[in-house]
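Let me put the thing on screen, and then I'll walk you through the contact between the chains and a few side-chain pairs.

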Amino acid sequence: MAKQESVSGLVGLLEADGEALADEWVALVAGALGGRISRAELVRELRELYSALLEAIRSGADDAHAEGMSEVRALLTELSRSRARQGFTPSETAVSVLALKRVLEPGLREGAAEKTQAYLQLSRVLDDLALFTIETYTHTREDIISAQADQLMELSTPVVKLWDGVIAVPLVGTLDSARTQVVMEKLLQALVDTGSEQAIIDITGVAAVDTQVAQHLLKTIVAARLMGAECTVSGIRPQIAQTIVALGIEFGDIVTKATLADALQLALMKSGVELVAQQGLQR
Amino acid sequence: MSERVPVLRIGDILLVSIQVDLEDQTVMNLQEDLAEQIVSRSARGVVIDITAVEIVDSFVGRMLATIASISRLLDAETVVVGMRPAVAITLVELGLSLGGVRTALDLEKGLALLRRSVSRTDRR
């Protein structure tokens, strides 16, 4: 019985001049978002949310995770996702829910004790719903970030063919395990696809080399050797050479060259191509 | 009775093309067959084609190294050809760099490599 009463209290709270309430809600949220979303869209979103919430409470759902709230949660999920994609902050997202609490506040001043009771109960539900919004928002952001990382990975590891039988991978940026794995696979696949026996790994664009990066490079080179290709490392800058020596990394019998040009010359020589400068054409 | 991998002869080179899943017994049989054939046909080189091999374990990795060592003792050089990228990565991760084994990208390059090195040793 107590539950029935509390439900009717909540519904009463929300339904009492519902139109004015919803308008005020929209106005508050619109103010917080600073006009970055069209008013018509906002009205549509919040109206849907309002009626779904009313419906849920009428059906007896008094908890944000209750069965009856699934419609509300679905609407909020959609709202948080679109906010996250459009680059709104977490507070700008959560305000859509929390503003409803502020809108209901004035009604309390002249209200009786049971009205306050109902308000407190509703505010608990709204708090939970706001938390739910922020969680969804964070999930969406994480998805976006990981999708971007994947794209970056794709972009940053091209394998280029320099000559018949000579391919090169210019590495740019920071090397971590995941990226080196991608580079390794792409390089080895390119060896098979192009039938190249010479590969050059150019690390001119690599900001720093530590023991882990060196380890990855060595693994790639050994794997290429296992497949029957030779690898040259080029583009080692003076500071990086110093770091490598200071760290005590042994490159063993792996050929290293200062520049890509030197490495290409060596690779061509090994694959039996001779470079001849023509007399009279020299600058 | 486990499957046997055929050993083919091209001139003084033996060709082993592995087309079946490598079970331990198959590998042991192959080692025996190969050692016998190198002697009986006085082969100078062995080409092991693993283009069709998709999965390797440390046993297969060691097998390649062992076959290379056996052949070298019998004065034949071993070239492993057609290793897939995934296989190469696995072997590296397993810490097997197949030190004494020569490798080539495909059969054609492997045969060319063997012919070059065989003719070089003949001149000596």
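Let's start with the side chains of K219(A) and E93(B), which meet in a salt bridge at 3.2 Å, N to O. By salt bridge I mean a side-chain nitrogen of Lys or Arg within 4 Å of a carboxyl oxygen of Asp or Glu. Between chain A and chain B the count is 1 salt bridge.

Quick housekeeping. This is a predicted model, where local features need pLDDT of at least 70 and side-chain atom pairs count only at pLDDT 80 or more, while totals for chains, interfaces and linings use all residues. Residues are numbered from 1 along each chain as its sequence is written, chains are lettered from A and ligands numbered from 1 in the order in which they are written, and side-chain values use heavy atoms, leaving out hydrogens and water.

Back to the interface. Chain A puts in 17 residues and chain B 15, with contact meaning heavy atoms within 4.5 Å. About 1400 Å² is buried between the two chains, and carbon and sulfur atoms give 71% of that; buried area is the accessible area (1.4 Å probe) lost on putting two parts together, summed over both. K219(A) shows up again here: with L226(A) and M227(A) it supplies 45% of the area that chain A buries against chain B, more than any other three residues.

Now, inside chain A. E48(A) and R44(A) form a salt bridge, closest N and O atoms 3.4 Å apart. Both sit in helix α3, residues 39–58, 4 residues apart, so about one turn of the helix. Helices here are DSSP runs (H or I, at least four residues), strands are E runs of at least two, and both are numbered from the N terminus.

Then K101(A) and D127(A), whose side chains meet at 2.8 Å, N to O. K101(A) is in α5 (90–104) and D127(A) in α7 (113–155), so this pair ties together parts 26 residues apart in sequence.

Last one: is T77(A) buried or exposed? T77(A) counts as buried because its relative accessibility is 17%; the cut-offs are under 20% for buried, over 50% for exposed, and partly exposed in between (1.4 Å probe, protein chains only). T77(A) lies in helix α4, residues 70–85, and a polar atom of its side chain is 2.6 Å from the backbone oxygen of R73(A). Leaving aside neighbours within four places in sequence, T77(A) is in contact with F132(A) and T136(A).

Technical notes:
A polar contact is a pair of N or O atoms within 3.5 Å; within protein, one must be able to donate a hydrogen and the other to accept it, and residues adjacent in sequence count only if both atoms are side-chain atoms.
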